[in-house]
Amino acid sequence: MKIIVDAMGGDNAPEAIVRGGVLAAKKFGEDIVLVGQEDKVRAILKVDGTENTPHLSVVHAPDLVDMHDDPATVLRKKPDSSMAVALKMVQKGEGDAIVSAGSTGALLAGATLFCKRIKGIRRGALAPVMPCAGGQMLLVDAGANTECTAEYLLQFAFMGSLYLQKLMGVAKPRVGLVNNGAEDSKGDPLRLEAYHLLKEAGDAGRLHFVGNVEGRDVPLGACDVAVCDGFAGNVMLKTIEGTAKFMSAELKKVFLRSLGTKLGYLLVKGGLDDFRGLFDQDKIGGAPFLGIAYPVIKAHGSSNETAAMNAIRQAVEFTKSGLIDDITANMEFMTIREK
């Protein structure tokens with residue numbers, strides 16, 4: 001297996017991405033190809049003494065995608081950027097999957113342009129794993145598509161459910177439609193139509209649809225797959241992340257108030273470390289774009305070397321899972337036929 005890594009994408013590139021690639025090559029034993037400005041990539045490897053790491057190679061790409069570039073056009077304007085070169089390598093069969101911490105919009109546009117969507121899938125969806133009461137849940141879509149149809153949401157539900165089955169071992173994922181109320185009569189026309197499609201799939205036994213779920217109930221474990229349009233999903237994602245940071249900062253203030261609270265902190269430190277670990281993005285690594293014909297993993301923009309390594313791990317697991325074949329096999333159930 002060969003994983004193509006955009007070495008120049010992200011806030012901490014190329015250093016963190018290169019070092020994450022080295023860690024991944026050593027730990028997973030799969031071929032890792034670092035695509036980027038070769039002189040910079042090799043300089044990092046030389047300083048670290050890792051230039052002869054087995055399963056690691058470098059492909060030169062003289063340009064890079066800047067976060068200020070227009071995501072919709074940048075890969076056409078910068079065909080020699082590390083992201084464009086990496087995507088085209090996968091397109092040509094020179095790699096099995098791609099990992100990038102660069103621009104989310106550019107990566108989705110490039111994946112759609114070069115790698116293409118699975119036949120029948122209308123839109124690719126960003127699907128991050130989020131912590132919730134009792135474990136983890138998958139949020140689909142978290143920002144790739146701000147305008148959706150009910151058919152898109154139906155496809156997000158199937159792809160998210162299959163992802164949890166194949167990659168996370170959830171036998172019967174509970175699928176919930178994020179809405180402004182739990183009642184089946186709630187929501188705008190999009191949500192009402194999507195509810196009908198999802199209930200129909202649930203009644204047929206193709207999905208474990210648990211109905212509408214309110215935003216407050218998603219972190220409380222109301223479902224395993226939270227389905228929504230990209231606008232609502234991105235707002236939910238950022239709200240959860242912001243709330244977690246706020247709670248962490250407030251707890252820190254509480255424990256720093258006095259000598260007594262500082263001593264109390266020592267007693268609960270282990271539990272607090274576990275709590276912070278729930279929101280540790282480095283352990284997760286990134287999020288897949290579901291619906292693309294090849295595995296595409298969007299690593300966090302602020303990825304350090306551990307996060308980069310784990311994003312590569314996700315790409316390896318995705319490639320081995322057979323998920324894309326499963327999505328293809330279920331396409332007839334997630335496509336609305338013209339009557």
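## The largest pocket

In this predicted model, the largest pocket has a volume of about 900 Å³. Its lining is made up of 35 residues, and the closest to the pocket's centre are Leu-237, Lys-238, Glu-241, Gln-281 and His-300.

Which elements give two or more residues to this lining? There are helices, namely α5 (104-115), α8 (230-255), α9 (259-278) and α10 (281-284), and there are strands, namely β6 (129-132), β11 (286-290) and β12 (296-299). The top contributor is α8, which hands over 7 residues.

## What kind of lining?

Sort the residues around the largest pocket by class and you get 16 nonpolar, 12 polar and 7 charged. You can find a charged one among the residues closest to the centre: Lys-238 is there, and so is Glu-241.

How do you find empty space in a protein at all? Rolling a probe the size of a water molecule over the atoms shows where some is left.

Searching the whole structure turns up 1 cavity of 30 Å³ or more. The largest cavity comes in at about 40 Å³. Around it sit Val-5, Asp-6, Ile-17, Val-99, Ser-100, Ala-101, Ala-299, Ser-303 and Ala-308. Two strands, β1 (2-6) and β4 (97-100), each give two or more residues to this lining.

By class, the cavity's lining has 6 nonpolar residues, 2 polar ones and 1 charged one.

How values were computed. Residues numbered from 1 in each chain as written. Predicted model: local features only at pLDDT ≥ 70, side-chain atom pairs only at ≥ 80, totals over all residues. Heavy atoms only, no water. 1 Å grid on protein atoms, 1.4 Å probe; cavity = no way out; pocket = protein on both sides within 12 Å on 5 of 7 lines; lining within 4 Å. Points joined across faces, edges and corners; volume = space filled by probe spheres on them. Helix = DSSP H or I, 4+ residues; strand = E, 2+ residues; numbered from the N terminus.
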